[in-house]
Amino acid sequence: MPARPVIGLADSTLQSIDWNENRQPSSMAAPSNNNKELPMPACFHNPVTIVFGGGSLDQIAEHCPGKVALVTFPEAAQLGLLATVRSLLGERLVCVIDNVQPNPDVAWLRGVHEAFWAQHGDCDTVLALGGGSAIDTAKALIVGTASGRFDELLDLLASGKPFVPPRHKTLVAAPTTAGTGSEVTPWATLWDAGQQKKYSLHLPCTWPSVALIDPQLMLSVPAAVTVSTGLDALSHALESIWNHNANPLSDTFALSAIEDILDCLPRLQQDLGNPELRARMALAALKAGLAFSNTKTALAHSISYEMTLRHGLPHGIACSFTLPLVLGLAWGRDAGRDQTLQKAFGHNLAAAQQRLRAFLHRLGVRTEFEDYGVTAAEAEAMIDAALQGARGRNFIGAQAA
Ligand SMILES: NC(=O)c1ccc[n+]([C@@H]2O[C@H](COP(=O)([O-])OP(=O)(O)OC[C@H]3O[C@@H](n4cnc5c(N)ncnc54)[C@H](O)[C@@H]3O)[C@@H](O)[C@H]2O)c1
Ligand SMILES: [Zn+2]
């Protein structure tokens, strides 16, 4: 009697097969004992409808139901974007907030939020047109409170307990920078410079319903913002890989984003008006956004919040200057994660770190804490604290570090 082949199916299935008849049911794959090497089942969820390509903004009328409030950045008017939105939405555009500054701060958001709900409570949709600051502002605006007070929302966020907002609006996001991925994530960072802290907002309703990604809108982004936002996207991709929540789907988006950014960003820095490079970076930022929409960020972002609050670094610089260092902390923690990192950077850690460092230097970004006035002892304390933070705990090196 031939030995029974070992296959990776439940015993009950095996028992129903008569191997002595020397045949295999046609529905079965060839016998294999490789089940242990197969990836664990992974779930990828992202509910955002994505429209990508030049002219996507023209579709706002069909994707923004009812009365619309626009949240945008100060330069939008002179760039002609305000006029475009007005002509596309007509009388349905009932409110314009166009003074969003980088890193939306609760001191400013408080008045804007309360006035919005008092004066435009009947508005249906908030359209965010801008960088991450405009999109995150819009995410805060769409969440109403029972009292109408903004501090009620902050208290709920500070408590860390889950809550269901009593009212909310639909969010549509049209990014004008290629970086944050906020158009395909539910997260918003609300800053409190006065108290030197930040709040993280994320609710089922803060997923945008639609992301309209129009690379044409990014042609006017200045060089420094192009670089910092592009590096934010690189950081999102890497943070999704050295992450306890990584899976083969997030890895696929992340690796593709890394490849594009390493190739494109230095060229785009020298050729800001190149539509093809703008489109490739827009797509790369989207892929990185999709990757971390399912994993969240990790140690580099956890460190970045301190560097933005205490040292004033733009978000994209704050979360990317440590990437070579964090790569070293991630390497060797987990064979599967190493494999993915090595697909992007090869098998030699020192060479991989050097490649990342040289990439950042070429873009004009310094890569050491001391370059930003942080001593070695302060840096060590900052990294220790960052590892304890919510994002830091996603990092694969968190327990052992
Ligand atoms: N929610 C998320 O998942 C997420 C992820 C990363 C970062 N963020 C947040 O996003 C914010 C940073 O966003 P950002 O990096 O996109 O920058 P930003 O939105 O702060 O914009 C940077 C500057 O560029 C200007 N600008 C934007 N678009 C322009 C355009 N098309 N032409 C000319 N100027 C333009 C803005 O007015 C601003 O002065 C931070 O507050 C950060 O916390 C959020
Ligand atoms: Zn980021």
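Biologist: Which crossing does α12 make as it passes α14, left-handed or right-handed?
Modeller: This is a predicted model: local features need pLDDT of at least 70, side-chain atom pairs count only at pLDDT 80 or more, and totals for chains, interfaces and linings use all residues. Residues are numbered from 1 along each chain as its sequence is written; chains are lettered from A and ligands numbered from 1 in written order. A crossing is left-handed if the near helix is turned anticlockwise from the far one by less than a right angle, and right-handed if clockwise. For α12 passing α14, the crossing is right-handed.

Biologist: How are α12 and α14 oriented to each other?
Modeller: α12 spans residues 323-330 and α14 spans 349-362 (helices are DSSP runs of H or I, at least four residues; strands are E, at least two). Their axes, 8 Å apart, meet at about 160° (lines fitted to C-alpha atoms over the stretch in contact; N-to-C angles run from 0 to 180 degrees). Angles over 145 count as roughly antiparallel. α12 and α14 are therefore roughly antiparallel.

Biologist: How many nonpolar residues are in the contact of α12 with α14?
Modeller: L323, P324, L327 and G328 of α12 touch L349, A352, Q353, L356 and R357 of α14 (C-beta atoms, placed from the backbone, within 7 Å). Ala, Val, Leu, Ile, Met, Phe, Trp, Tyr, Cys and Pro count as nonpolar, Asp, Glu, Lys and Arg as charged, the others, Gly among them, as polar. Two residues here are polar, one is charged, and the nonpolar number six.

Biologist: How are α7 and α8 oriented?
Modeller: α7 and α8 (248-270) have axes 9 Å apart and an angle of about 155°. That makes α7 and α8 roughly antiparallel.

Biologist: Which crossing does α7 make with α8?
Modeller: Residues of α7 including A223, V227 and L234 meet residues of α8, among them S250, I258 and L265. By class, that contact has 13 nonpolar, five polar and one charged residues. As α7 passes α8, the crossing is left-handed.

Biologist: How far apart are the C-alpha centres of domain 1 and domain 2?
Modeller: An assignment, automatic or from a database, gives domain 1 (49-216) and domain 2 (223-394). In all, 16 residues of domain 1 contact 24 of domain 2. Yet the centres lie apart by 25 Å.

Biologist: Which element supplies the largest share of the shell around ligand 1?
Modeller: Of 30 residues around ligand 1, F73, P102, G131, G132 and S133 come nearest (near: C-beta atom, placed from the backbone, within 6 Å). Each domain gives at least three residues. α5, β8, α7 and α11 each supply at least two. The largest share, four residues, comes from α5.

How values were computed. Angles under 35 degrees count as roughly parallel, over 145 as roughly antiparallel, 65 to 115 as roughly perpendicular and the rest as oblique. Two residues are in contact if their C-beta atoms, placed from the backbone, lie within 7 Å.
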